[in-house]
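Here is a short briefing to read beside the sequence and the model, arranged by topic so that each point can be checked on screen.

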Amino acid sequence: MKIYLKKHDFSLLKNLEKATDRFNESRILGKGGQGTVYKGMLSNGKIVAIKKSILVDEKQVGQFINEVVMLSKTIHRNVVKLLGCCLETQVPLLVYEFISNGTLFDHIHDESDEFPFSWNRRLKIGVEVAEALAYLHSSTSIPIYHRDIKSSNILLDEKYVAKVADFGTSMSIAVDQTHQTTLVKGTFGYLDPEYFQSSQFTEKSDVYSFGVVLVELLTGQRPISFDRSGEPRSLASRFLLCMEGENLETILDTKVLEQGNREELIAVAKLAQMCLNLSGKKRPTMKEVAMELESVRMSQTLSTACETKYQVVHLHKSKSILMSDDDYTWTSTSENPISSSDTRPLNLRFTQFDAIQ
């Protein structure tokens, strides 16, 4: 980190105020439970994001300090970078790299998005977030659990590279520990039901939350819906019902159905189903999830390459055949529906869980 503010050193604080035009409302990028994030430009021209605490109390400062501690331990291309901090002035401030393209939530759910949010892009983002979480769980010196994975805490840069953000409620856990008992924190719709009932947070609780994000990417639907009469409000519950009923196609986003290969959609849906298992022990680890998603993506790349090669060969053959009377027709298989027999859901016992009734 390059920016530090020491006690009573208000010159740098004034620089941050200047960078944000005294924290002008027009500079607000977003608001959360811990603070408001502003866009700012430092004196050297660098664009940054500055999080300012909403309240000045020990709990709030503690969350800011926790975020500094967690992010100081991480170096990963898919985790947002913390550039500096100001924790000993009246209002705590954190300075991050500026991520220009908004949140994953915005791109999934904003129908006015001028750039189509393709299935290929969704799958790529899913791989990147899974790899970031796998890194936090198993590649840092002490395992880090995020505890609030959701699409609004995943930022996208100008090239749609995912960056996991907001580590205020994250925690480290000793390598020899399997869980930690805590006050239940998280966001309804993404909250692990097992954690909600036991107050014991494990690495598999992050896996559950990521499973909800995967389902968002597949369906384009919000994690909690209040306008569905007679249906579960929880997206996770509706998705699991569709998987058990072998009618996956009824809940998938139409764009995903049109653009995605049937086999890869089934593979990702089954993986999401495993992540949402009500028993944490039966869920895969984030490392296993990341490997499986990368495998799906690689098979997609190979399939596209083979398809392109076949089309080139076919076109060359057509040109030579023009000299004869043979008639060639082109048939497309991209619109094959996902039938109930194709889904072959895992044999999971399902108990409906709605975070909000």
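Arg22 counts as exposed, with a relative accessibility of 66%; here buried means under 20% relative accessible area, exposed over 50%, and partly exposed in between, with a 1.4 Å probe and protein chains only. The model is a predicted one, in which local features need pLDDT of at least 70 and side-chain atom pairs count only at pLDDT 80 or more, whereas totals for chains, interfaces and linings use all residues. Residues are numbered from 1 along each chain as its sequence is written, and side-chain values use heavy atoms, with hydrogens and water left out.

**Salt bridges**

- Nine salt bridges are counted, a salt bridge being a side-chain nitrogen of Lys or Arg within 4 Å of a carboxyl oxygen of Asp or Glu.
- Arg22 pairs with Glu17 in one of these bridges, with an N to O distance of 4.0 Å, and Glu17 itself is partly exposed at 24% relative accessibility.
- Arg77 and Glu128 meet in a salt bridge, N to O, at 3.9 Å. Arg77 sits in the loop between α2 (58–72) and β5 (82–86) and Glu128 in helix α4 (residues 119–138), so this pair ties together parts that are 51 residues apart in sequence. Helices (H or I, at least four residues) and strands (E, at least two) are DSSP runs numbered from the N terminus.
- Arg122 and Asp253 form a salt bridge whose closest N and O atoms are 3.1 Å apart. The pair links distant parts of the chain, 131 residues apart, with Arg122 in helix α4 and Asp253 in the loop between α7 (235–244) and α8 (254–259).
- Arg122 is buried, with a relative accessible area of 2%, and Asp253 is buried as well, at 16%.

**A buried arginine without a salt bridge**

- Arg147 lies in the loop between β7 (144–145) and β8 (154–156).
- Although Arg147 is buried, it has no salt bridge, and the nearest side chain of opposite charge, that of Asp206, is 7.3 Å away. For charge, Lys and Arg count as positive and Asp and Glu as negative, while His and the chain ends are not counted.
- A polar atom of the Arg147 side chain lies 3.0 Å from the backbone oxygen of Thr169.
- Leaving out residues up to four places away in sequence, Arg147 touches several residues, among them Thr169, Ser170, Met171, Tyr195, Phe201 and Asp206, where contact means heavy atoms within 4.5 Å.

**Nonpolar cores**

- The largest nonpolar core holds 68 residues, of which Leu104, Phe210, Phe239 and Leu293 touch the most other members. The largest share of this core comes from α4, with 11 residues. A nonpolar core is a set of buried Ala, Val, Leu, Ile, Met, Phe, Trp, Tyr and Cys residues joined through side-chain atoms within 4.5 Å.
- Apart from neighbours within four places in sequence, Phe210 is in contact with Gly126, Val129, Ala130, Leu133, Ile149, Met286, Val289 and Leu293.
- A second, separate core has 12 residues, including Ala19, Phe23, Leu42 and Leu83.

**Backbone and local details**

- Tyr160, in the loop between β8 and β9 (162–164), has a positive phi, near 65 degrees, in a residue other than glycine, and counts as buried at 10% relative accessibility.
- Asp166, found in the loop between β9 and β10 (171–172), also has a positive phi, of about 65 degrees, although it is not a glycine; Asp166 is partly exposed, at 24%.
- Phe196 belongs to helix α5 (residues 193–198) and is partly exposed at 38% relative accessibility.

**The chain as a whole**

- The protein chain contains 11 helices and 12 strands, and 46% of its 357 residues count as buried.
- Among contacts in the protein chain with a separation of 6 or more, 64% are between residues 24 or more positions apart.
- The accessible surface comes to about 19000 Å², of which 51% belongs to carbon and sulfur atoms; accessible areas come from the Shrake-Rupley method with a 1.4 Å probe, and for residues only the protein chains shown count as cover.

Key:
A polar contact is a pair of N or O atoms within 3.5 Å; within protein, one must be able to donate a hydrogen and the other to accept it, and residues adjacent in sequence count only if both atoms are side-chain atoms.
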